[in-house]
Amino acid sequence: MSVLTRDEALSRARLLDVHRYTIELDLTTGDETFGSRTAIRFTAHTDGDTFVEIKPADLRSVTLDGQPLDPDSLDGNRIALKGLGAGEHELHVDARMHYSRTGEGMHRFTDPSDGETYLYTQLFMDDVQRVFAAFDQPDLKAVFDLTVRAPEGWTVLANGVTEHLGDGQWRAATTPLISTYLVAVAAGPWHSVRTEHRGLPFGLHCRRSLAPYLDADADELLDITRACFDRYHEKFEEPYPFDSYDQAFVPEFNAGAMENPGLVTFRDEFVYRSAVTDTERQTRAMVVAHEMAHMWFGDLVTLRWWDDIWLNESFAEYMGYQTLTEATRFTDTWTDFGVVRKAWGYDADQRPSTHPVAPEDVPDTASALLNFDGISYAKGASALRQLVTWLGEKDFLAGINTHFARHRFANATLADFIDSLAAGTDRDVHAWADAWLRTTGVDTLTPLVTGDNGDHQLTVERTGSRPHRIAVGLYDLDLPGDEGRLTPRRRLELDVPQDAPVPLGKRPTLLLLNDGDLTYAKIRFDAHSFQGVTANLCGLPDPLTRAVVWNALRDAVRDGELAPGAYLDAARAHLRHETDLALVQGVLGFAGAQITGRYLAPADRPTALATLSALCRDLIRRTEDGDHPGLRLIAVRHFINVAAQPDTIAAWLADGTVPGGPELDPDLRWRILARLAVLGATDEHAIAAELERDPSATGREGAARCRAALPDEDAKARAWHAMFTSDDLSNYLFTATAQGFWQPEQADLVRPYVARYYEDAVAVAARRGPAIADAAGHWAFPAHAVDPETLTLGETCLRDTHPVPALRRKLTDQLDDLRRALKVRTA
């Protein structure tokens, strides 16, 4: 299959205007394939040659302007259209298409709970070609007319309002001008909750087996949807540009969600079957806000080529967090962003695969797909937050509205957007963009405090070249009667680089750069502040301030400047007093996965697990009064994850409850069973019994995870065969199996598979495509094997083989993380 290059896209855009697609899909032809008929009306500006893309199971016929073309002329995924004359043309393509089991194209899923089947499209980047023929690039927008034949009893959802014509035939309203990758269809016996807002139909949809769980949260989801919708209309002069707003929660979805105009698709884990924390509800709400922002950033105004994906994702990320904070009860979203998303950006930006937020060279679609990462989302959103701090929100929103007015239902570039921003301000936005969007890496800001006798001054030293507008917090330790509480004395705002040192007066107990987390940079402490904050971190009054400190400690561990054990000591001392759920989750997650799993030598792992177990016990005891259910749930989950002995958690499973609560829901039961499998304290009989108790899709994933985690040679062999040989696993079952397979406690048992991994991962990625390649590089990588031999094997693989781009990128990142872990161990 050929990937589309930027040069090819530019040439085709110069030659063609595409006007209308008329698409007929037949979903009644069997379990493996479906029918796809497409008519495309387009104009050629001059005489010339071009091509249309499709990836069929069987190409039945192709007709151009009434003249048949040879279906055997299909070359990979391209049908050549030669000798086009200037003027109007009409192309007809009739094909049989494969259903997907990997979340790409038209994904087909049968719910094990009730046997019902559901279909949905994910057409991002170049997967539209798996569903219908298209001139598949974002700047050839067109209107789409869609009809679908579906089994009786099904409902068909699409970008516009759909109408059932009878006999299983459905017709969707004609779309406005949209890009090919944004077309969406979802078909099946959906359970739906419908309402109206501002005269528009709104809907929530999920599998029937999830109906009780969606109904329980429908008011919350619709309230958030309405609140964000109204807030965006206060910010944006351009009204919502489509005829309806449906949100479908679909199975085995590869991303968090997809911004299809009028039909946003979400992974259906967001329909909660088990207890969740308020932070997890906030995350779901943020995804709702993020995807709605895309209706303007991405759908109304679309990037011209994939070098500007930040125009979609960074804006949706920033707007999602900011709008959720302004319009809903979730007012601490930037703390969660700082703990989770920003760390994702920092990590990605320090790897060899880093790239600018707005890269200048994205040669083809395969390269573009790799850039949907922590840089395009989290770093880009951080840059925008810094831009708003520097520019002011009024001028920022004025520039956005100018951008919408200039490019509505069309395409735009970085240069277009910067011109729109510059039109409403005297600031040099072009220079800002060059410094922030065209460069790579993370700046580091370090305070230098000079002077004595109560007359101190601050100079901020910077590695890197970006300008930063930051706040500096000065905190003093309260009187002994309120020991341990750090009280804000003063908050300074300054630009880095500085014109002159800033007078401080008396030296504070803590001097904190980037207080409020308004810029994107690693920060360091002066020695006096480090001593003050590590002794009194829990005494900082604001959770976002504490997030900045915890991120600084995390960065110091990753950079080999702070011992992993010191991070654990800080967690043990301060986390038991923490009230912010995102912080507790983030610190325990880093401590469990990275500190105990990678950065400490195997001999030190038991002591580290004991420390984390004791911390989780502290939190469980602290929450016995029932006033902090979210905190208790986090503590119980992590206690299970780090259990070194099976007795306590096995007793919980047998009793069906944690003493004092919570009762064990499906998530906690599978979590305990997976840990018991790792510890060799359960067996296939118990796993099968649990699957009979919970025969849902998540139950199947839980069983696959548990079976792969059993410390048994035969179990490991079966799991390996399922992942790398049989090709029968869906994307989710592949991931679940990979999550269970590698365990630090089983290093000796799985050692023979470390060498096998590289060859087998390269092969399965080539056979099964980008989604499985991504899962193989992420979840199936032997991350526990922190040793020079694993590094050498990986470097040899990258040098001597040819992994598909998605796997090559994952391996590059994994090996860099491995080098970092080796460095931390020897620091």
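Modeller: Before we start, a residue here is called buried when under 20% of its relative area is accessible. Bear in mind that this is a predicted model.

Biologist: Thanks! Which residues of helix H24 are buried?

Modeller: Helix H24 runs over residues 770–778. Applying the cut-off of under 20% to this helix gives Ala771, Ile772, Ala773, Ala775, Ala776 and Gly777.

Biologist: And what covers the buried residues of H24?

Modeller: Here we look for elements with heavy atoms within 4.5 Å of those residues. The cover includes three helices, spanning 731–741, 747–768 and 805–826. By name, they are H22, H23 and H26.

Biologist: Let's turn to lysine 522 in strand E28. Is lysine 522 buried or exposed?

Modeller: Buried means under 20% relative accessible area. Lysine 522 has 7% relative accessibility, so it counts as buried.

Biologist: With which side chain does the side chain of lysine 522 make a polar contact?

Modeller: Leaving aside neighbours within four places in sequence, the contacts of lysine 522 include Gln350, Val442, Asp555 and Asp559. A polar contact needs N or O atoms within 3.5 Å. At 2.7 Å, the partner is the side chain of aspartate 559.

Biologist: Now the cysteines: how many disulfides does a search of the whole structure find?

Modeller: A disulfide needs two cysteine sulfur atoms within 2.5 Å. Take cysteine 538, which is partly exposed because its relative accessibility is 32%. Its closest cysteine sulfur, in cysteine 616, is 17 Å away, so that is too far for a bond. Across the whole structure, the number of disulfides found is 0.

How values were computed:
Residues numbered from 1 in each chain as written. Predicted model: local features only at pLDDT ≥ 70, side-chain atom pairs only at ≥ 80, totals over all residues. Heavy atoms only, no water. Buried < 20%, exposed > 50% of the residue type's maximum accessible area, 1.4 Å probe, protein only. Helix = DSSP H or I, 4+ residues; strand = E, 2+ residues; numbered from the N terminus. Polar contact = N/O pair within 3.5 Å; in protein donor to acceptor, adjacent residues only side chain to side chain.
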